[in-house]
Amino acid sequence: MLSGAFITHNYVSDARHQSIANLEIRNQLLEHSRLARDAVWKSRESLEAFLLEPNDTTYRANVYASISEARTHTKNLSEQPWIYAGEQKNIIAELNNTLLKLEKNADELIETRLDSSKQYPALASARKYMLPNHRVFYTAASLAIDELSEVDEDISNTEAYETFIQARHLWTQMISNFRMYLANRMGSFDQKILPVQEKDTDLLYFELRNQIHKLELMDNTDDLGFQSSESLEDLKASADDWYVGFQEIKRINAADQWRTDSILLKENIHPLLEVIWDLLLSIDIAIESSANEDVSSLSSVTQNQTQLLWSITAAVIFAIIFGFIFLEKLILTPIANVAQALKAKAIGVEGTDIPLTTLHETKDLVDAFTEMNKQVNARQVDLEYQALHDDLTGLPNRTLLLDRLQQAIYTSRREHSNLVLLIMDLDGFKEVNDTVGHHVGDNLLKEVGVRLLITIREMDTVARLGGDEFAILLPDSDESRAKTVATKIRAALEKVFEIDDLRLYISASIGIAAYPEHGARAQTLIQRADVAMYVAKRNRLGHAVYDPKEDQHSVGRLALMSDLRHALDIDALQLHYQPKIDIKAKKIVGAEALLRWNHPKFGAIPPDEIIPLAEQTGLIKPLSIWVLNTAVKQAVKWLSQGIDIRIAINLSVYNLQDLEIIDEIKTSLETNQLAARYITLEITESAMMANPTHAVEILTQIEKMGIKISIDDFGTGFSSLAYLKQLPVEELKIDKSFVIDMTQDEDDAVIVRSTIDLAHNLGLKVIAEGVENQDVLNLLEMLDCDMAQGRFLGAPMATAEFEKWISEHTRQKKKNNVLKIVK
């Protein structure tokens, strides 16, 4: 009996020590696997952050560092004897190769994102094939025109000369239209205008071919000179080659592959990440299976030794009865119970408890297995939570939202009820990150999540979809309640956020989609709520319900917000005035009122920073009314001094959405007793195109009051002639980007000349801004431009300085009857 007990003890002790050693090794393997998984996850997050902000080198460095860290942990796994001796070495080798591929593809994606030519194939094609043909055509046309000019001094009457001139003009128009088309597609400004621009380019090309055909007929009758005939061949070849390139660019822009970085991300990066995740998961499963094998082995040892003891007992039954009872009670039964309990837990049998024991031989084994089991369970719980929740806010993520939305749809379909999905995007959040850093931005997102949870019911769901985008699921709700919730959310977010000693103001744009009115599938509702959100953001509506008609698939310093509110209250803002000159009459006919703010700490704040601040803080309306009233009062004062000029006031896109602006204008004119003809309202081209129908309605009512309407920055937007003819405008202001260099840049000169001709044909006046020298002014006079504005004529001036300027200008005009530039 003693010999049998001794043998049993040795076998069990060896098995126990081996099992404990194996468990410790496997715990190390699981830890390396977890660290590799975390590193891969970090590389994915850094890569996505880089795509949003490619100029931030930190994200690029983090991508490479995370992949390198994952490879280091993979190497540590491969050096483990258990891995090297088993089949897992092939998995580790495949994992390492996949990480190398991921690093290579990430490098390719980063290189592509930083190179616009690689990112946009159409742009590279235009530079490689179409630009040389443009140069050949233009050079050939110029040579032919020069030759014809030398042949006949009175060349303006010859048909060949006029035809070459017309061909070059059509070519210039076609190139300008193509550049605007290409810029529109690359910038994704207005997708609706792309077919119109393509058609315009086609029409210009066919008209150009007609002109070339006329030249061919002249060449056949020997009406062209040698150089003109040679140039004609170059014109035909370069025009045809250019048009072939244009057709290729249209094909590229119409395809899904027009952006290379999206293809790399979808077809290379994401599949590799899935493979890496599966390989790491298979390693964890192999480790778990090995632990189960150890438990089975220990159980087998216990059973074998029990049989040995029974054999000895059978041989010496009478001698060992009492000893067997002792051994069975204190050693064999506890070990068998522990082994069976461990095996049951290993295969996942619920309700199985590991029996407590004080026996040294089983205590270490139980403790080691229990610790490993706790780590595995905790890791599993963490993985499940990370997969379904946002790391920053703790809110459900897109995956969990999609699951709950699908379940809510099933419930609504079964119970014939409604549900509503809200997609919310914070306005100006990027400026928060750019201004005060991502740390403050992250804390702001956490606070937003807290306010959202306070606003909704317990049965509702708030999820963070990524970045500054959130979703709110409202089961058993309709559009009416959704609008109420949206209003409550915006009210909650408009209250000041105090983060890290900063007072931050933000607003939100919310899109609303209801089941079943707007879709019966989860993805459809998400997409249409997203469309509605962008409509609300674009039109500054706060919130918007999905409308099929709309579905078309930095702020400098945040501390200035409260200061702007205070400056408006104490009348600390100013208006400066820049003169407008009638080029032919050589006299001042008007002035543009330009907003200025001399901040006590930051100095002069330009209008392009003041306006976004006002829009973000909700001050754009009172600010616009202040500018209107101040300009009207100044006009009245100048009239009393004998200064008879119009004052131009700028309106923002927000003003064109506000029907009350009409009453505000009427009230200001009536209160100050000023005739409407002394006021001009300037509206940018892009502001009108934000909602053209609404803009036509507002501007028509303003025009009926007798106020002149002027389109500001004309040529920088994407307005069509159809809308231009509908608008009650009297004046076009050519953007200064085309005027400043028009004496050196022929393309700019062509655009200015075409705009002047277009405006005059429509019965409109033209004013050119950005006149910086006498040469530009002379050229504008030659092109029959009506008015000019720019620093060469007069910079924006405070009221007293402007009055002094106009007095000096009037004296010089009376004295010399010429336009005198007063510095």
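Axes here are lines fitted to C-alpha atoms, for helices over the stretch in contact, with angles running from 0 to 180 degrees between N-to-C directions. In this predicted model, the axes of helix α15 (residues 438-455) and helix α16 (residues 479-494) come within 10 Å, crossing at roughly 140°. That angle makes α15 oblique to α16, since only angles over 145 would count as roughly antiparallel. As for handedness, the α15 and α16 crossing is right-handed.

On the α15 side, the contact is made by V448, R451, L452 and T455; α16 brings V485, K488, I489, A492 and L493 to it.

Elsewhere, K250 sits in helix α9 (residues 226-254). With a relative accessibility of 17%, K250 counts as buried, because the cut-off for buried is under 20%. Leaving aside residues up to four places away in sequence, K250 touches Y181, E198 and D202.

Then there is the matter of confidence. The protein chain averages a pLDDT of 82, and 83% of the residues score at least 70. Over residues 552-558, though, the pLDDT is below 50; this stretch still has 18 contacts in the model beyond near neighbours in sequence. Residues 818-823 also have a pLDDT below 50, with 16 contacts in the model beyond near neighbours in sequence. Where pLDDT is low, the predicted coordinates should not be read in detail.

Key: Residues are numbered from 1 along each chain as its sequence is written. This is a predicted model: local features need pLDDT of at least 70, side-chain atom pairs count only at pLDDT 80 or more; totals for chains, interfaces and linings use all residues. Side-chain values use heavy atoms; hydrogens and water are left out. pLDDT is the predictor's confidence in each residue, from 0 to 100. Contact means heavy atoms within 4.5 Å. Helices (H or I, at least four residues) and strands (E, at least two) are DSSP runs, numbered from the N terminus. Angles under 35 degrees count as roughly parallel, over 145 as roughly antiparallel, 65 to 115 as roughly perpendicular and the rest as oblique. A crossing is left-handed if the near helix is turned anticlockwise from the far one by less than a right angle, and right-handed if clockwise. Buried means under 20% relative accessible area, exposed over 50%, partly exposed in between (1.4 Å probe, protein chains only).
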